[in-house]
Amino acid sequence: MSWWKPADVGFAVRSHLANLGYGAKLFMRLLGPGAQIMRRFSLVRDQIHFLGNYSLAIIGVSGLFVGFVLGLQMYYALQRYGSSEALGLLVTLSLVRELGPVVAALLFTGRAGTSLTAEIGLMKADEQLSAMEMMAVDPVQRILAPRFWAGVITMPLLAAVFSAVGIMGGYVVGVLMLGVDPGAFWGQMQGGVDVWRDVGNGVIKSIVFGFTVTFIALLQGYAAQPTPEGVSRATTRTVVTASLAVLGLDFLLTAMMFSI
Amino acid sequence: MPEKAPGFFIEMDPATPPQPFAEFRDVTFGYGTRTILDGVSFTVPRGKVTALMGASGGGKTTVLRLIGGQQRAQRGEVLFDGQDVGKFDNAALYLARRRMGMLFQSGALFTDMTVFDNVAFPLREHTQLSEALVRDVVLMKLDAVGLRGARDLMPSEVSGGMARRVALARAIALDPDLVMYDEPFAGLDPISLGTAARLIRQLNDTLGLTSIIVSHDLEETFRIADHVIILANGSIAAQGTPAEVRESVDPLVHQFVNALPDGPVRFHYPGVSIEDDFGNVEGGRS
């Protein structure tokens, strides 16, 4: 096969290393102005509004349906062993530890990540970023960094909303429709969920996902070819790369958190 | 007002001619294996309107990018007010850019901001002016381009010609010393075109600027330019006053100035011969 030629392999390795270096440099530039950005918090606040508020509908509705389904599935499994009172605990642990951060991150990728990539890519194609550079304003600090920090802040909040609405969905199905005792539903949840080990794990995951998804979306937009085709490819890459990264990181984080 | 980069002030002797504002000394630049500029040298006179002309893909926009430090020369020096742009670190480059304004072909207005906020953007980023003062400066700049009344419109609500005038107001918001125009006349109707040309000349003279125009519009550009540079095949084909360039006997300049379809710049893109594609007409199709 022709792609086994050493020169091609070398070229591919060099290209990937160069891309990796480009990404790492951009990541450091985004982290660098953290303190500076907080002094101009209005830029971050506007982006939190855009990324967070406008994602609330999809996060809320998805959380509700996931909660419904969890309520049904868990009830089906638990009632075989006569343990349907544990429904609240199981639904909550599933959502807080796992499904809340992961599904919210995947939805955030589709709703906000794609819009970030397309926005930055189109700004580049329209020479807006070049114009900013020529006005002696660094686009990484002025445009990318506020979006990055807004994504990092927004992601855990959206995951929390997802989990809370999901628990309500589980309650509706389990208690109101299937007749699980409400006292047992809330009591088992209260007794079995640990704030630090369970809720804390979910919060850490969602923060890591916030960094990952927002960074990938911004990197793809900033590195996009400034053409319609380039922006569309970058948007697709954002969804594919960020989704796989979320699922891969979720496994790593879960393994690490179970081991400590 | 923006700070000036250290070392940019030059002691002027009235007896000596003013130093050129920008200068290319034996500059070579290319993308990949393709050479765009090959040992190019020219000067941009201070206080004048200089037009950069030539065939598409000839490196005119690259010249602007080299002066603005968005690209670095592979060989030679690009001088901005006597300082080599290639040797600037990031801080010095950003200080130098505060003394430049650039008008992009598309206008490059920020689409999520109103016309007012677009013009206010550089003021809010680089100065500590109060909002009341920012308002006054922005309205003055918009008034200079005839768009004071359009302050509340979004970029999507203005025409192409108006967008370029807004971009011009934004480019001069910080009172730059050098304004670079990339295709300021492209796609404009005759009224907008005449307005844009008049504005460029007026602003240059009244604000004491140095202007560089990259344009294909011969008539309008020759009418307002003091100095014309024709770039072709990576080097300077002609330079001088518009009248001198018009009189040039260089075949390439003659073709360009008279808008002839064929000449040194070929009409047909290089490829296989017509016989190879269509066969020998006299002997029938092969």
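**View 1. Where chain A meets chain B.** Ten residues of chain A touch 14 residues of chain B, where touching means that C-beta atoms, placed from the backbone, lie within 7 Å. On the chain A side, five are nonpolar, two polar and three charged (Ala, Val, Leu, Ile, Met, Phe, Trp, Tyr, Cys and Pro count as nonpolar, Asp, Glu, Lys and Arg as charged, and the others, Gly among them, as polar). This is a predicted model: local features need pLDDT of at least 70 and side-chain atom pairs pLDDT 80 or more, while totals for chains, interfaces and linings use all residues. Residues are numbered from 1 along each chain as its sequence is written, and chains are lettered from A and ligands numbered from 1 in the order in which they are written.

**View 2. Two helices of chain A.** Here α9(A), residues 195-222, and α10(A), residues 228-259, have axes that come within 9 Å and cross at roughly 155° (axes are lines fitted to C-alpha atoms over the stretch in contact, with angles from 0 to 180 degrees between N-to-C directions; helices are DSSP runs of H or I, at least four residues, and strands of E, at least two, numbered from the N terminus). So α9(A) is roughly antiparallel to α10(A), a label for angles over 145 degrees. The residues in this contact comprise twelve nonpolar, six polar and three charged.

**View 3. A sheet in chain B.** Six strands form an open sheet with mixed pairing, in the order β6-β7-β8-β3-β9-β10; strands pair if DSSP finds at least two bridges between them. At the edges sit β6 (100-103) and β10 (235-240) of chain B, each pairing on one side only.

Notes
Contact = placed C-beta atoms within 7 Å. Parallel < 35°, antiparallel > 145°, perpendicular 65-115°, else oblique.
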